[in-house]
Amino acid sequence: MGEATKMVKIFIDEQEYEVPAGANLVDAAKGIGTDIPVFCYHPKMAPVGMCRMCLVEMGVRAVDKDSGEWVLGEDGQPSVRMQPKLATACTANVAHGMVIKTTTQAVTDARRNVLEFLLTSHPLDCPICDKGGECSLQDLTMNYGPGVSRMNFDDKQHLDKRFPLGDLILLDEERCIQCARCIRFQKEVAGDDVLGFFERGRSLQIITNSTPPFDSYFGGNTTDVCPVGALTTTDFRFGARPWEMTEVPSICPHCPVGCNISAGTRLERDAGGKAVIKRIMPRQNEAVNEIWICDKGRYGHHFSRSAGRLAQPMQKGASGSLTAATWNEALDRAAAILQAAGGDVAALAGPSLSNEDAWVLRQVVEAAGGSRLGAWPPSHGGQSLVAQVGVGVGTNLGELGKGDAVLVIAADLEEEAPVWRLRIKQAHDRGAFVVVANVRPTRMDDFSSEQPRYATGKAAEWLRDLKADHKALATRLTESNNLVIVAGAEGLTLEGSRALMQSAANLLIESGHTGKSQNGLIGVFPGANAMGLHYTGFSPEAAQAIISQPPKVLIVAQADLTGDDLAAAEWLGKVEHIITLTLWPDDVANQAAVVLPVTSFAERDGSYTNGERRVQRFYMAQGPVGESEPAWRALSRLLERLGKGRAKQSAAAVMLEMTQQLPVFAGSRFSELAHVEPQLPEIGSDFYYGGTAYKNMGGLGVQIATAADQGETVAAADVDVPKVTHARGDLWVIPSAVLYNRAPDFRPTALERLVARVPEAYVEISAADAEKLALKDGDYVQVSAGDHTVRARARVNHAAPKGSIVLPRRLSGEVTPLSLTHGTVTKIGG
């Protein structure tokens, strides 16, 4: 609520209150401590007044037009004109003089009648319902419902108890109260209009109208907003009761959004009495993910307890094979290797490392005399520009609207950062001017104002020359009240990505859209902590230098080198000794001298820095797998062996040191990251109001200020655009991201729960190019790009620009190119 918000006086149950003019009545009442029960209303969706649970007596005090004073009746009391019938509170906006009565007999009878009608055919299976303990119908029946039932049991409808709306969501048709929250969420919030009503009256049913069924990355949120147990997830169904679980605040590890989540854990016999994550739920952070998460974040935690995890340290013996070792033996060996390296030591850090892991890794490298710190994968540049002109402190995408602009370029947000796609879609709904520029169409196009195209590899030039070549578009963007640019690296090399980020920074600087909230640059970087790696000294450019000139000793920390780079085995062969910290016994581990098992995000404390530079804390949710340890702890013990003081005993102690030695992390002690304050809408106190998303009790995080935020002069710079060419007859190969894939941190979920949703490897090719190559849709082809050879099924469509193919990464065991390259496509077989 801004300083200029107009306040009006309303009267609820004869008490006077001041509330913001135009606020929804249910929201306003809740804000002053008066609960109006609802089923269909949700504060994140448009009101529809379907369930009638919010009926109240409503009227208005008469106001003298000249004096503005209340008009008094014959009895000397303010004159009130009451409506002749009860009215739905959820469809009313507050106005000056509004009079509401919520406790009269008429209101009480209406609520009781609504509940009695809902219960006439509702099954009494609360003891086995997943929603038991979190059910709006249970709570409101206890508070407002009839004490006895007059239902004729012979008249009860019997419907399907387990109707699959899709692979992930099951519908219990008997429990559905037809509030349409799920339908409205998918249409209004997610933009995936895949659910609908079918039939009428008591035969009304929820159906899916998409192919494949319930085709949405956000479907799990419908189970949160469902006020009853009608929608349940196949992942959690009958897994545990809500009151049996301990909720632990955490951060999603899969993308740069940094969604706040809550891990529901329970002690499990099959896990040796350790706590195990049973489900992931959204945790409210209005500045980051509001109360939503994508389905990858909801279901993609199973890798943390995968049977394929590395469970104990290993070291290479005289025979050249890896053998089990104790932690002391492995760390002693690693220390000896580092001390004998003569300072020729480097590190490659993956984006799932926490801030604390990365800091101690840097200290180990420096203690061993090295300085090269590479951020993996080396595909996305421009982190330093985000540190200079990133979105200003206090930015909230949920506040963008009419008069504001968003430019999304070289990114497929649906696949790379789904919740940003959802939030920018809503900004467009509120009137923001959204431009999606790419070489190909993406899902974000459906929620944009304009969709300009540029030639493959030419994103930086297109944006650099925007004012000259597309004057009207440039003017619309630069003269907007607020401008946010969201830039990725699709269809670019690392150098091209850096050039694009510079072009974006220049546009923001020259138009005055830096150093203030709701303005600036966001990078769509891979993983959860690319910006954290930047702030601790790691860079993708250093990673490229390490590849070009391998060190004597290389520390690899949660970086899937061989999964991303086909040539990794070759250049790793030039490294004398590899020390790897990993979750998996992968190819790098097989080449390593020392292998140290580390814990996943779920088994440790730590913090990530998201794409908007918000440092956010996550907490240990479940017990470790085998003897694995947090990377920071293993590295800290190694640092002690290198003579650099005592090992740190907690992630909090590591962060404390970071706040003292890295100015950007000042103010980010764990106690400060755990700070919470009230958020609107108020979530978590009443399930019937906001659903089962969790109230944030773990911290809202601290946003790192940019150079522009701090008043530093940030000047535009020349854009160094790399030349990209290919051999005659070749096609451009554009690697793309897909949300559901077979990467190590998602493979367990993909194989066990999302088999039907993770496609076989495919390549998209234009109809014109397919005709030249005598290909048709569905043919198996071989894509050859340099040393890469990938077999895939051809999809002949309009998704790929002429002269280019789009090759999704991580869909098979074959390594695909990491960045823009070129190659050939040939048909396999006849």
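Is Arg641 buried, partly exposed or exposed? In this predicted model, Arg641 is partly exposed, with a relative accessible area of 26%.

**Overall form**
- The secondary structure of the protein chain consists of 26 helices and 34 strands.
- Along the principal axes, the C-alpha atoms fill a box of roughly 95 × 65 × 65 Å.
- Of the 830 residues, 59% count as buried.
- Among contacts with a separation of 6 or more, 73% come from residues 24 or more positions apart.

**Surface and charge**
- The protein chain exposes about 32200 Å², of which carbon and sulfur atoms supply 49%.
- The chain carries 83 positive and 97 negative charges, whose mean positions are 2 Å apart.

**Salt bridges**
- The structure holds 50 salt bridges.
- Asp332 and Arg641 form one of them, at 2.7 Å from N to O. Asp332 belongs to helix H7 and Arg641 to helix H21, so the pair ties together parts that are 309 residues apart in sequence. Asp332 is partly exposed, at 43% relative accessibility.
- Arg175 forms a salt bridge with Asp125, with the closest N and O atoms 3.0 Å apart. Both residues lie in loops, and the pair ties together parts that are 50 residues apart in sequence. Arg175 is buried, at 5%, and Asp125 is buried, at 12%.
- Glu247 and Arg279 meet in a salt bridge at 3.9 Å, linking strand S12 with strand S14. Glu247 is partly exposed, at 25%, whereas Arg279 is buried, at 5%.

Notes. Residues numbered from 1 in each chain as written. Predicted model: local features only at pLDDT ≥ 70, side-chain atom pairs only at ≥ 80, totals over all residues. Heavy atoms only, no water. Helix = DSSP H or I, 4+ residues; strand = E, 2+ residues; numbered from the N terminus. Buried < 20%, exposed > 50% of the residue type's maximum accessible area, 1.4 Å probe, protein only. Contact = heavy atoms within 4.5 Å. Areas by Shrake-Rupley, 256 points an atom, 1.4 Å probe, with all protein chains shown as cover. Lys, Arg positive; Asp, Glu negative; His and termini not counted. Charge placed at Lys NZ, Arg CZ, Asp CG, Glu CD. Salt bridge = Lys/Arg side-chain N within 4 Å of Asp/Glu carboxyl O.
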